[in-house]
Protein chains: 2
Amino acid sequence: MGGGVRGAASGVTAIERDLMQLLGREAIQASVEPYGRDSTEMQGFRGIPDAVVTPSNTEEIQRLVEWCKRNGVPIVPRGGGSGFAGGAVPVEGGIVCSMERFNRVVGFEPLLWRATVQAGVTTQHVHQLARENGLLYPPDPGASEQSHIGGNIACNAGGPHSFKYGVTGSWVTGIQFVTGNGDVIQSGGTLRKDVSGFDIKSLIVGSEGTLGIVTAASLRFIPAPEKTVQLVVAYDRVSAAQEGLLAIYGNGLVPSLIEFLDGSCLALAGPSLPLSLPRDTEFVLICEADGSASTADEMADDLKAVLQADAIALEVISDPQQAAALWRWRSGVSFAVISSHGGKMSEDVVVPVESLTEMIVELAEIGKRFDLPTCSWGHAGDGNLHATFLLDAKSTTDVERATIATRALFEAARRLGGSPSGEHGLGWLKREEFEHQFGEAERELHYRLKRTFDPYEIMNPGKKFRMPAPAEPEVVVA
Amino acid sequence: MGGGVRGAASGVTAIERDLMQLLGREAIQASVEPYGRDSTEMQGFRGIPDAVVTPSNTEEIQRLVEWCKRNGVPIVPRGGGSGFAGGAVPVEGGIVCSMERFNRVVGFEPLLWRATVQAGVTTQHVHQLARENGLLYPPDPGASEQSHIGGNIACNAGGPHSFKYGVTGSWVTGIQFVTGNGDVIQSGGTLRKDVSGFDIKSLIVGSEGTLGIVTAASLRFIPAPEKTVQLVVAYDRVSAAQEGLLAIYGNGLVPSLIEFLDGSCLALAGPSLPLSLPRDTEFVLICEADGSASTADEMADDLKAVLQADAIALEVISDPQQAAALWRWRSGVSFAVISSHGGKMSEDVVVPVESLTEMIVELAEIGKRFDLPTCSWGHAGDGNLHATFLLDAKSTTDVERATIATRALFEAARRLGGSPSGEHGLGWLKREEFEHQFGEAERELHYRLKRTFDPYEIMNPGKKFRMPAPAEPEVVVA
């Protein structure tokens, strides 16, 4: 990458000078270092951008793409930087295109349950808009105060409520994005149904910035449930918890979420839990029932009836303040886990729900094999774990060992019919998994799709998967 | 198209002889004529296949595709033949690939709310599987006894319950299909979340057989609601009905469906309605509340409270037999409409829900302008109309006039921010709308996507949109 040397006098690189002419001075960030990292920093992962631009409209992004096409410079689209796979990290340099100035709510019609927002609006802002108007925007990935809707779309972000309500893609009715060719594409809109074109928006959802940059999205909401009731269910054996989980399915109950924490996770995060659990608790399921007051109560009663047989304790929480304390604790689990060893390597593997506990057991065994403590928690109802190796982020041997252990983890997930990522994406850190996850025909189709949207391969190159090198021209010996 | 002449002795064409060698005699249908038409027959629309194949496995489809690539012969994938846009009609000949022998349920795990079925399994069969096991497969397009899951996927079929539960795509977790290049692609599976690859399956949903042939799909279910309550609400003015519809939204109520019938439709189909409506009824909304018994009753009460102010009559139907009679009547509406004039041209335009009645008024005005009786009914909650011109299918002037009127209808829908198709697709009959519906960048992207999946342009060519002719080589005059 040329132009990376900062001029001594101005502190501005040649690339930045070019970009200033192209987009104006205020669209170029002087301090590039914070844009070199995301949540994978806790594994010591980061990159150095050649420049950081913060465009304020679609036309500026088009100009940026044209410049990058001409100069063969990659673009790394960036939302809130809360990703867990290094998808927004400029590992091999390139221009980070941060969407922070795309922070406008373009339209909001609460009485029609819909909004159109720019890509840089935070998930929390959308939640707040909905909540203040009696509505619910169900996708609830962690770090919602930081993450952008555009980033949620790029990763098809999930969260606990995905069990009942589905992932981000289920709530996006339209997307505007700029392709790697510089075309502005509108796919879908605010209509609730439309089959006039291909469903291109759904291909963009989960594409991790490798096909284009999302600039705006139309979202749909639903009326907020009147009441939620939480159930915290403790088990002394993992097998009993698995039976409980399958009993929810088998009895045809649909809680709004089914979360879990395993014994190791509870050992680390349990002490701050605003509830007391029996001493021999080895596994916790947390369910939520929602709906009108009577519906939520009824569902909570049904869940209790089904779950208490195998449990050693079951607490029903209807008080909103107590529930809020529970969820505050739940969102701190990740930090409690990190603080125990100074770092972690955590993967959002997903397996068929009936294999959840088998996966948890496999994780523990892999940890033993590689001499790394493990723990897991996550979205039990969807078979989606945050499978975690604990490590000292400053120890390169720890990081190396965890990296190899993680590969074994992915292999185990695949053996169980699962996938390396349920909601974070492959980014840079898991991109090697793409090769193992898909057969040749599927891989080839991905490459062709990438070229269809991004013929110059400038959009977040090397993320999600590695493009094959262009074929060498055949040398014919006469 | 060559090979279309049937040998006098054998009654077999040259193409059929080739295909028999390729796929075996039992995979070639002797009687091709029934495969030349779908539901658009009532507009006198049909085609003549060059041959009809009924493959029984994916490998046979691959062989078929390879043969068609080599011989430049188009393939017209066909499900149950219940389409309304001519998508499965071999308008310009070609080989109809009927999926009727792909009729196997590959896996069904009712306790885990999921199944994998071959593409030729009927929608009714899936409904039945679900129902017999306490589950619900919500997409409920008309003619479910005839339509295939593969066809539902091709059109992203909807139906009344889409209001609460979403269209077909919301219930498909995985698809296997054969591309126009002959590759067998598996996208997704039975996992509830997976962001390891691009969401290719969603691009196939709604692609109307133009990218490939769907061979199998993994579907998810939910527990069946314990009870449903229907509300039939009569209005003497369209404006009052529109207020009622928006009041459902504005009060944050989520019925499982919100259907409507306008005055003209009631005049034709009303006499057989198993209820008596006030004489001055000009519009009917039908809502359904579902859930546990108490939830359904509670929602029905809420709906009644919100809707009765503007209505001239409101009937609550809790008795399952009475409800079944109502829905039998509802599914006969289309036939009652047809029988009034001997034919109809009906389009599934969709508009923002707040513009529903404006669209209905526009339809009536267009009808007057072209001297054609009109009526409409459909999925009010989604802004999705079956906007209908009544005609004598044997009268070519009627059909011609209706064709022009339909264009005006699409234009009106677009003016209101709508689309020419909410759930039927563009097929052949509405393909011209593609040009009007999308801008140049979007059209170009569709063409590139088509070529990505179907480089030889053999997959249902001319459907959904017309591919641009390949660019003429430039003639350079020296």
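## Labels and their grounds

Tutor: Let us begin with B:Thr54, whose place is in the loop between S1 and H2 of chain B, and keep in mind throughout that this is a predicted model.

Student: What makes B:Thr54 count as buried or exposed?

Tutor: The relative accessibility of B:Thr54 is 0%, and since buried means under 20% relative accessible area, B:Thr54 therefore counts as buried. Leaving aside neighbours within four places in sequence, B:Thr54 is in contact with B:Glu26, B:Ala27, B:Gln29, B:Tyr35, B:Ser98, B:Glu100 and B:Arg101.

Student: Which side chain makes a polar contact with the side chain of B:Thr54?

Tutor: That partner is B:Gln29, at 3.2 Å, and because a polar contact asks for N or O atoms within 3.5 Å, one able to donate a hydrogen and the other to accept it, the pair is given that name.

Student: Why is B:Asn57 called partly exposed?

Tutor: B:Asn57 lies in the loop between strand S1 (51-53) and helix H2 (58-71) of chain B, and its relative accessibility is 31%; the class in between runs from the 20% limit for buried to the 50% limit for exposed, so B:Asn57 counts as partly exposed. A polar atom of the B:Asn57 side chain lies 2.8 Å from the backbone nitrogen of B:Glu60.

Student: What class does B:Asp371 belong to, and why?

Tutor: B:Asp371, which lies in the loop between helix H11 (356-369) and strand S16 (374-379) of chain B, has a relative accessible area of 60%, and as exposed means over 50%, B:Asp371 is therefore exposed.

Student: What makes the phi of B:Asp371 worth a remark?

Tutor: Phi of B:Asp371 is near 55 degrees, a positive value in a residue other than glycine. Most residues other than glycine have a negative phi. A:Glu457, in the segment after helix H15 (440-453) of chain A, also has a positive phi, of about 50 degrees, although it is not a glycine; with a relative accessible area of 31%, A:Glu457 is partly exposed.

Student: Turning to the two chains, how do you know that A:Arg448 and B:Asp183 form a salt bridge?

Tutor: The closest N and O atoms of A:Arg448 and B:Asp183 are 3.7 Å apart, and because the limit for a salt bridge is 4 Å, the pair qualifies as one. The count between chain B and chain A is eight salt bridges, and 32 residue pairs are in polar contact there.

Student: How many residues of chain B are in contact with chain A, and what area is buried between the chains?

Tutor: 80 residues of chain B are in contact with 80 residues of chain A, and the area buried between the two chains is about 5,900 Å², of which carbon and sulfur atoms give 63%. Of the area that chain B buries against chain A, B:Lys193, B:Val195 and B:Phe198 supply 16%, more than any other three residues.

Student: Which residues have the most contacts inside the largest nonpolar core?

Tutor: That core has 225 residues, and those with the most contacts inside it are A:Leu19, A:Ile95, A:Phe453, B:Leu19, B:Ile95 and B:Phe453. Apart from it lies another core, of 21 residues, among them B:Ala269, B:Ile286, B:Trp329 and B:Val337.

Technical notes. Residues numbered from 1 in each chain as written. Chains lettered and ligands numbered in written order. Predicted model: local features only at pLDDT ≥ 70, side-chain atom pairs only at ≥ 80, totals over all residues. Heavy atoms only, no water. Contact = heavy atoms within 4.5 Å. Buried area = accessible area lost by both parts, 1.4 Å probe. Salt bridge = Lys/Arg side-chain N within 4 Å of Asp/Glu carboxyl O. Helix = DSSP H or I, 4+ residues; strand = E, 2+ residues; numbered from the N terminus. Buried < 20%, exposed > 50% of the residue type's maximum accessible area, 1.4 Å probe, protein only. Core = buried A, V, L, I, M, F, W, Y, C linked by side-chain atoms within 4.5 Å.
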